[in-house]
Amino acid sequence: MKLTVELGRNSYPIYIENDLLKHAAPLIGEIFTGRRIMIISDDNVYPRYGAQLTEQLSKDYDCRHLILPHGETTKNFQSLPGIYAALLDAKITRSDLIIALGGGVIGDLAGFAAATFLRGVRFVQIPTSLLAQVDSSVGGKVAVDLPQGKNLAGAFYQPRLVLIDPLVLHTLDPHFVNDGMGEVIKYGCIKDIGLFHTLESHRSFADLREELPEIIHRCVDIKRKVVEQDQFDTGERMLLNFGHTLGHTIEQYYHYERESHGEAVAIGMYQITRLAEDSGLTVSGTSLRIQDMVRTYGLPCECGLPLQELTKTIALDKKNLDDKLNLILLHDIGAAYIHPTTLAFFGQQNSMIHI
């Protein structure tokens, strides 16, 4: 399956196909004619897939690799000097290529390095986690975390190519599969009631496996259309942040060491919908459907924190502009909307409520 993100001179293809990783080199050759390639990966992913990719590319290119520690704590400014040094040692120039081989952390971090090194080096996304395949590898958002919050230093920098091989997910730890299902559920919630019904008709990820390429395609296609309409996140693209205002805050509160991104988003989707129902902003019963869904796919609905503990971090969120907060809410499943408000939204609900 092939999709194209139509962004004028920044347009790029997305391929979704089982066993695609075995045939990555010719597809990369269609968009790259330079000499040097740097593969940036992590210590979980490279041992599984890096040698295969490096062997393919080394036939035609000077191919190097950099292996980083896995996990969200790697996605920070302290990692960047080492990445830049490796790129310099490999003599990477603006006519060369960086490949992000890994999950969302590697995609965001390698993408940010590509956007900033020499003011921009071309890069390719080869996502190996479900979360990265359905969401973070597409759309050009690249970033690193700051101590004060997630993704607070970043850029919009589109890849030249995205290669998605669903079969690599078969080697994932179940925890990381569940993590990605948080974003899959999000797409059903905000834009695709048919996808939501498909997810409701299965009782586990294993039960869903045969339909995975099509499900990834549906999620990516939704994101592709949204990005084409709003590349820089000023309008409709905000809908993709459903569950993220609370989710990012939960991640940061626990220093990225407890709930994963998908788990935190699952909590955020359920809890923000519950609060919206209490305010009459969402159809009654919607939060229960989300609750059932996230539990089906092994995700949590709560983290046990008082809501007031999170409001200080929400105030620093990049979606909080001039003390105005654009929350993403649902009219109903499949119908998201932007709700302009302030932090008072959370204060109006009993601030001692636990989420």
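Reader: Before we look at anything, what makes rings of Phe, Tyr and Trp count as a pair?
Author: Rings of Phe, Tyr and Trp (for Trp, its six-membered ring) pair if their centres lie within 6.5 Å, and planes under 30 degrees apart are called stacked, those over 60 edge-to-face and the rest tilted. This is a predicted model, in which local features need pLDDT of at least 70 and side-chain atom pairs count only at pLDDT 80 or more, while totals for chains, interfaces and linings use all residues. Residues are numbered from 1 along each chain as its sequence is written, and side-chain values use heavy atoms, with hydrogens and water left out.

Reader: OK, how many aromatic pairs turn up in the whole structure?
Author: Searching the whole structure gives seven aromatic pairs. One of them joins Phe156 and Phe232, whose ring centres are 5.3 Å apart with planes at 90°, so this pair is edge-to-face.

Reader: And where do Phe156 and Phe232 lie?
Author: Phe156 belongs to strand 8 (residues 149–156), whereas Phe232 is in the loop between helix 9 (212–229) and helix 10 (244–253), so the pair ties together parts 76 residues apart in sequence. Helices (H or I, at least four residues) and strands (E, at least two) are DSSP runs, numbered from the N terminus.

Reader: Is Phe156 buried, exposed or partly exposed, and which is Phe232?
Author: Phe156 is partly exposed at 35% relative accessibility, and Phe232 is partly exposed too, at 48%. Here buried means under 20% relative accessible area, exposed means over 50%, and partly exposed is in between (1.4 Å probe, protein chains only).

Reader: Switching topic, how many salt bridges does the structure have?
Author: The search finds 19 salt bridges, each being a side-chain nitrogen of Lys or Arg within 4 Å of a carboxyl oxygen of Asp or Glu. Among them is the one between Lys150 and Glu72, with the closest N and O atoms 3.6 Å apart. Lys150 lies in strand 8 and Glu72 in the loop between strand 4 and helix 3, so this pair links parts 78 residues apart in sequence.

Reader: Last one: what does Asn76 touch?
Author: Leaving aside residues up to four places away in sequence, Asn76 touches Leu109, Val144 and Asp145, where contact means heavy atoms within 4.5 Å. Asn76 sits in the loop between strand 4 (62–68) and helix 3 (80–89), and its relative accessible area of 18% makes Asn76 buried.
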